[in-house]
Amino acid sequence: MSLLNFILTPVTREQEDKMLYREFCKQFPEYRSTLHLDALRQKEYPLLQKNQHTYLDFTGANLFPRNLLQQHLQLLNSGIFGNPHSTNPASLHATQLVDDARKYVLQYFHAEDDYYCIFTANASGALKIVGECYPFNEESFLLLSLDNHNSVNGIREFAAQKKCAFQYTPLHSETLYLDKEALQNNLAAHPGKKNKLFAFPAQSNVSGIKHPLSYITMAQEKGWHVLLDAAAFVPTDVLDLRDVKPEFVTMSFYKIFGYPTGVGCLLMRKDILTHLQKPWYAGGTITLSAANYRGHFLKDNEERFEDGTVNYLNIPAIKMGLQFIEKIGVEMIKTRVTCLAQWLISKLSQLRHPNGNTLLKIFGAEAITHRGGTLVMNFYNSSGTVIPFWKIEQAANEQNISIRTGCFCNPGLDETNNRVYPGDLEYYFNSREKGDYFEMIEVTKKIRGSVRISLGMVSNFADVYRFYAFAKSFVIS
Ligand SMILES: Cc1ncc(COP(=O)(O)O)c(C=O)c1O
């Protein structure tokens, strides 16, 4: 081909894609170290390719590798499993596998010596144990982060019922970092209180912002107990409980490796166990109880908090899932997600309507060192009006792109992003018996909700590129 012909030949879409990918690899050379995840994706997650599905909801739920399912099925088919905690062989078999999984979880987080692993149904179940059992009273205090999942926010109801005051630490409205100065002031503000609990997420489930783990020690040095909600953090980052020692850590395993659902855990520091007040007892949690007399003795270990029969058929798969992640390495997953997210942020932020108005606003700081692979944004038309999130979701659904929209169970973050103030909320909640976001939008005339995409271990360049092209299609030409 002559040089002139070459110049005049239009660049095909495929060539353009390749050029962009090359440009991406040049910009993020560390991405190359993660390339074997592409082979893993083909082998273990074949349906993504087969169904031409772009999955961008990893913070909602991870996807499971085929092999994990097969391994688990093989285990279930290979033995007789009975209800744990008996001496019959079927029971012992199940008990052994649950104990193995428990040990493995502790080992994975380097928590063998100092923590109990309490199996729960999910992260919310773990958070509820803390809410129910923490010794809240008039002399205690609950400090929350405005960036918190509702399953953490809900703990304030346990506190309030026991006349314990609570307070939120605000976020910087632009970066969505916790306001460090306000946090320091809040932590210093209750020297006389006895049981003080500070609850915050290691990573926001909405903005992807990572709140510094150094806040754990900072709070503990001022006499606080710390509840670290790690549900959105641990799927793509390393949590080493030798470095930080929050009293409580909560998570759901389906968010780390996709399968099984129905199992989460509370990692509880051993030295806090006797500090907690369990409001009831159930099967499995006691050494002895009586019916003709109001007497019971609670167990002295993690089982004190595992009400009834644990999910003994699924729990053994937790060890397999963690082994799967260990083989890949969380650092590797983090590198991949970070490169893809950073590329996407930079490309999306450049999108403009022809009149120069921006197409979308990504909420929160862009510096990738403090954020994971979750981005939250609003789309705007050329006159600067927000395009409702449900329209974006609908358009994505039509293209087989799985994203999530709404408020993501994190009202504090949404209120911050959309400038919904306490006065708006007070009026709304006090003027009706029930309501929802859509009605609230009508009444307060404030925007609620946004669009979230979240990346995970087998996200690839094609996924983020597809979302970029999808977003670009909203540019009005
Ligand atoms: C940060 C965070 N905390 C808690 C939860 C609650 O998890 P689950 O619904 O599995 O109980 C979620 C779920 O998305 C989350 O992202």
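Mentor: Gladly; first a term: helices (H or I, at least four residues) and strands (E, at least two) are DSSP runs, numbered from the N terminus. Residues are numbered from 1 along each chain as its sequence is written. The model is predicted, so local features need pLDDT of at least 70 and side-chain atom pairs count only at pLDDT 80 or more, while totals for chains, interfaces and linings use all residues.

Trainee: Where is His85 found?
Mentor: His85 has a positive phi of about 70 degrees although it is not a glycine. Most residues other than glycine have a negative phi, and most peptide bonds are trans. As for its place, His85 is in the loop between helix H5 (66-77) and H6.

Trainee: Which residues does a cis peptide bond join?
Mentor: Look in the loop between helix H12 (254-257) and strand S8 (264-269), where Pro260 is found. The bond has an omega of about 0 degrees, and it joins Tyr259 and Pro260.

Trainee: At roughly what angle do the axes of H6 and H13 cross?
Mentor: Two packed helices are described by the angle between their axes and the distance between the axes. Axes are lines fitted to C-alpha atoms, for helices over the stretch in contact, and angles run from 0 to 180 degrees between N-to-C directions. For helix H6 (residues 89-108) and helix H13 (residues 316-328), the axes come within 7 Å and cross at roughly 35 degrees.

Trainee: Is the crossing of H6 and H13 left-handed or right-handed?
Mentor: A crossing is left-handed if the near helix is turned anticlockwise from the far one by less than a right angle, and right-handed if clockwise. By that rule, the crossing of H6 and H13 is left-handed.

Trainee: Which residues of H13 meet H6?
Mentor: Two residues are in contact if their C-beta atoms, placed from the backbone, lie within 7 Å. On the H6 side are Leu97, Asp100, Ala101, Tyr104, Val105 and Tyr108; they meet H13 at Pro316, Ile318, Lys319 and Leu322.

Trainee: Which residues of H5 meet H13?
Mentor: The axes of H5 and H13 come within 10 Å and cross at roughly 145 degrees, and this crossing is right-handed. H13 brings Pro316, Ala317, Met320, Gly321 and Phe324, and these meet H5 at Leu68, Gln71, His72 and Leu75.

Trainee: How are H14 and H19 oriented to each other?
Mentor: The axes of H14 and helix H19 (residues 461-472) come within 10 Å and cross at roughly 15 degrees. Angles under 35 degrees count as roughly parallel, over 145 as roughly antiparallel, 65 to 115 as roughly perpendicular and the rest as oblique. H14 and H19 are therefore roughly parallel.

Trainee: What separation is there between the centres of domain 1 and domain 2?
Mentor: The chain is divided into domain 1 (11-64 + 329-407 + 449-472) and domain 2 (79-327), with bounds from an automatic or database domain assignment. Taken over C-alpha atoms, the centres are separated by 31 Å.

Trainee: Which element gives the largest share of the side of domain 1 that touches domain 2?
Mentor: The contact takes 23 residues from domain 1 and 22 residues from domain 2. On the domain 1 side, helix H14 (330-350) and strand S12 (374-380) give two or more residues. The largest share, five residues, comes from H14.

Trainee: Which residues come nearest the ligand?
Mentor: A residue is near a molecule or strand if its C-beta atom, placed from the backbone, lies within 6 Å of it. Of the 13 residues around the ligand, the nearest are Asn122, Ser124, His149, Asn205 and Ser252.
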